[in-house]
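User: I'd like to go through the contacts in this model. Can you show it to me and start with the terms?

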Amino acid sequence: MHPLNIKLFRDIGKMKGQMVSVSLIMSCGLAMMIMARSLILSLESTRDAYYEHNRFADVFCDVKRAPNALRSRLTQIPGVAAVETRVSGKITLDLPGLSEPADGVVLSLPEDRPQQLNLLFVRRGRLPESGSRSEVVVGEAFAKAHGFEPGNTISAIMHGARQTLKIVGIVLSPEYVFESRPGETLPDNRRFGVFWMNERELATAFELNGAFNNVLVDVAPGEAPASVMAELDRLLAPYGGLVAYDRKDHPSAVRLSDELRVMRGMSVAFPAVFLSIAAFMTSAMLTRLIRLQREQIAQLKAFGYSSSQVGIHYLKFALFIVVIGITVGGIAGTWLGTNVVIVYRRFFQFPLLTFHPDIRAIGVAFFVSAGAAFLGVIGAVRQAVKLPPAEAMRPEPPAEFRASLLERLGLARFASPGFRMILRNIERRPWQAFFTAFGLALATGIPVVPGAMRDGIDYILTFQWDKAQHQDVSLGLLEPGSGSALSDMRSLPGVMIAEPFRSVPARLRFGHHSRRLGVTGLPKESLLNRVLDESGHPVALPPDGLLVSAKLAEILGAKPGDRIILEVQEGQRPRREAVIQGLVTDYAGVAAYMEIDSLRKLMREGPTVSGAHLAVDADHWVEFLDRVKESPRIASLAIKSAVRQSFRKSTAEMIGLIQGLYFSFSIVVAFGVVYNSARIALSERSRDLATLRVIGFTHREVAAVMIGEIVILTLVALPVGLVIGSYLASAIVHTASTETVRLPLVLTSRTYATAVLIVLVSAAISCAVVSSRIRHLDLLSVLKSTE
Amino acid sequence: MDIAEIPAITNLPPPPSHGEERKPLFSARGLTKVYTTGAVDVRALDGVDLDLFAGELIVLLGASGSGKSTLLNNLGGLDLPTAGSLTYRGRDLAQANEDELTRFRRDSVGFVFQFYNLIPSLTARENVALITEIAHDPMDPEEALALVELTDRMDHFPSQMSGGQQQRVAIARAIAKRPEVLLCDEPTGALDVKTGITVLEAIEHANLELGTLTVIITHNATIADMADRVIHLSDGHIIDIRTNAHRRPVRSLAW
């Protein structure tokens, strides 16, 4: 090996602690970047391939009842590549091991023609045989949640009739990658399932013989879905068609692209901050090394090494840090990504979702971090190689100092000499002090994020389920019912209060923006399911107009007082202008509310209900559930405590992962920054410190002088860090705030205290490690040398 | 343990006046120091017997590697002997632990080094105050600086002073605690003749005014004339101890 490279490795060996700590900080940023970029790549490529291979439709539309003969007409719409017509229906399930009923969707599979769109992927078993009876295939997430296998049977109520269904296969569908009720934030796989069965049998069960109620369209490449949707709407309107929508409005597709958007936000900001700190630390460390090796550089040049050879030698130190950083970051990022993919598999159902490391991102990461590190070092290298050898062999002139700002202002009159040393050292190298403090501030800020997330979720739990929802259970009817349906629900065993709700599918338009959602009618002032404002106070529904989620107003670009267009997609499909009377606060999905009677008036209907929110006496709970299972008209049942528990369980896992990640990052940064600046301080001041020891300062007193600087910087950094952390949390909460789920920004003293504690403990350990080195200062050699 | 709780090695009455039987301040018997570097043992001190008395001014002469600095470092509690005994006021320094040696240096010893070893971030006054803050019965920094005639440079940083001025600050720092011992390792080694004289004058002044036992290492035989006794070392042995009948004032020295 070339002697210079031998020198390189020996020098690296001597400063391995510093090298490793800088590399680790760099690898935090790189791990985050590689993880996020790779997850984006994995999710996107898997999704695109799945959508492509299993022919996920581009346009979707529900219709009341259209004759099968219309299918060929739909095929002729310009721009249409393929059309699939289906029967879809809701079913209620009575499952062993589940006291409450579960619900689901059942979709038809064509028997007389090949399936064209939304092809199923058969995981186990087979598809129903043509002409067979009661054979179904079931979505994998639901099957897994209950341990169903081909050959099992389940009891279901389809369109009011109890039936035993035989599971013949476990399948996946591109339209249920996120297998949940439309608009739900987190999947509830125990209580919601998707089924497919033969078209004729299903049509018979739902009284749709020779007809369909659901259309899928594949738009030809290069054609705009908008014109296809408009034509589809026109053709289906006479048959009770709802407004067609494309993938942008498809619940499962939206949930997936929301996740990708969050990841994209994470893949840039975080890594940039980590890399800039690492670049600065590389610079500080190598600048110090070069200064110490001034004479060696002079000798090398005296022997005939060129400036560029010497320069490259020192850049190799930076390269070494980057290589270690990339290696550790790559491994950590891959490991993290693999673990996140495992969590993803629980949320997103793909035939095969594996982690693909984004090689290109690793390449970019390498060049970005190498570039940053080189930029940080190049100045010191140039300065060192510029000096003529004879001059470089002389020791550097003594460092110049002056009274610090505090002293010039007369504020440090009674400060001890030790304290003055500290102040002046900080002021002499303001950038070093700045980046040390900045690094520590960042380390303080990072753990604020998971704390804020955890508290945000706690807040949602309280807000959503303690303040907004006072019901024990919400029942949804299969078909909207009359006033008698409400009194039927009211007379179920144990029901103490029953409040009706009416839900109508609609599209809200304002300017160019529109959103499909259900408009919910509620009593003006309700006891159970309440609509809340930002501070959690119930809002009374106005006799006229709408209350909408703040997020919906943002999506539509509308504000209270604006007149929006309300296109109802049920019944006579009235189209009205309505005024946004106010905003309501919610954290999952988007909603629009009307006073129930004003909605009914709009629909030109009597006391129709879609379901009811109920308060049920706990003593009659079992009896109540049994009766609900027997009721053919009830399509869905949501038990508040169960939903809450499932929400808590699935978020707890995610928060645990994020918390572990952020806490480790914080510790790495705090420890690394303190360790490094203490090591640099020790190296720069070893002569001073040894002198202090010689003239009678104790080990502890000398350590205090060295550590004092870090203590001051830490004390400055902590409050700044808490502010940075609050902004960081706010930015991340904002990035992660999608239409499906939003986190409020909740910052508590517990979060701040945890952050401060993590940094203080890491810094203290790091200081202790370095100050133990003061014991080993070679007092005699330090005094003999001229530095 | 706080430094104040460590038992002092020096807790004795002031040095006896002339005429009584004088007890040595330092007493070395068979003092040996072996440095092991790699596979080679270097005997830096090899069985040195020596007594040093309060108020004396001693010059140590010898070639490089003769053991001068090792002897000085052992006297100052910066290094421990490998064999033999070294007592200070009857107390064995060879047996002292780290904290006791720190206490010894803090209370009793002043050091002056060839390269001054001032703290660059502190002014002259503050460099001296560094000592006066921790010493038992110090003089004011201003008083110490006046002794070395630097009253007008008190608020200058080391980088703003000449080598001779820096060395005089170092002397002021060393004597400000009124030490019983002042150890100077080549105090003029980095200075020109004229500056060297002013520095030696400051040391002589401290020795006479404060009655401090002063030990000076030098390569420069001319300086030996300012001493009470001149000790010559070679290869770790004392080869000669010469007593000057009369100390020559530093002012009259020239080299």
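Analyst: A polar contact here is a pair of N or O atoms within 3.5 Å; within protein, one must be able to donate a hydrogen and the other to accept it, and residues adjacent in sequence count only if both atoms are side-chain atoms. This is a predicted model, where local features need pLDDT of at least 70, side-chain atom pairs count only at pLDDT 80 or more, and totals for chains, interfaces and linings use all residues. Residues are numbered from 1 along each chain as its sequence is written, chains are lettered from A and ligands numbered from 1 in the order in which they are written, and side-chain values use heavy atoms, with hydrogens and water left out.

User: How is chain A divided?

Analyst: Chain A has domain 1 (59–254), domain 2 (429–470 + 640–787) and domain 3 (495–616). The bounds come from an automatic or database domain assignment.

User: How many residue pairs are in polar contact between domain 2 and domain 3 of chain A?

Analyst: The count is 6 residue pairs, both residues at pLDDT 80 or more. On the side of domain 2 of chain A that touches domain 3 of chain A there are 6 nonpolar, 6 polar and 3 charged residues. Nonpolar means Ala, Val, Leu, Ile, Met, Phe, Trp, Tyr, Cys and Pro; charged means Asp, Glu, Lys and Arg; the others, Gly among them, are polar.

User: And what area do those two domains bury?

Analyst: About 1,400 Å² between domain 2 and domain 3 of chain A, 51% of it on carbon and sulfur atoms. Buried area is the accessible area (1.4 Å probe) that two parts lose on being put together, summed over both. A:Phe463, A:Glu739 and A:Arg742 supply 45% of what domain 2 of chain A buries there, more than any other three residues.

User: Which residue forms a salt bridge with A:Arg742?

Analyst: A:Asp586, with the closest N and O atoms 3.0 Å apart. A salt bridge is a side-chain nitrogen of Lys or Arg within 4 Å of a carboxyl oxygen of Asp or Glu. The rule finds 1 salt bridge across that domain interface.

User: Switching to the chains: how many residues of chain A are in contact with chain B?

Analyst: 33 residues of chain A, in contact with 32 residues of chain B; contact means heavy atoms within 4.5 Å. The two chains bury about 2,800 Å² between them, and carbon and sulfur atoms give 61% of that.

User: How many salt bridges between chain A and chain B?

Analyst: There are 4. B:Glu98 and A:Arg693 meet in a salt bridge, at 2.2 Å from N to O. By class, the side of chain A that touches chain B has 14 nonpolar, 8 polar and 11 charged residues.
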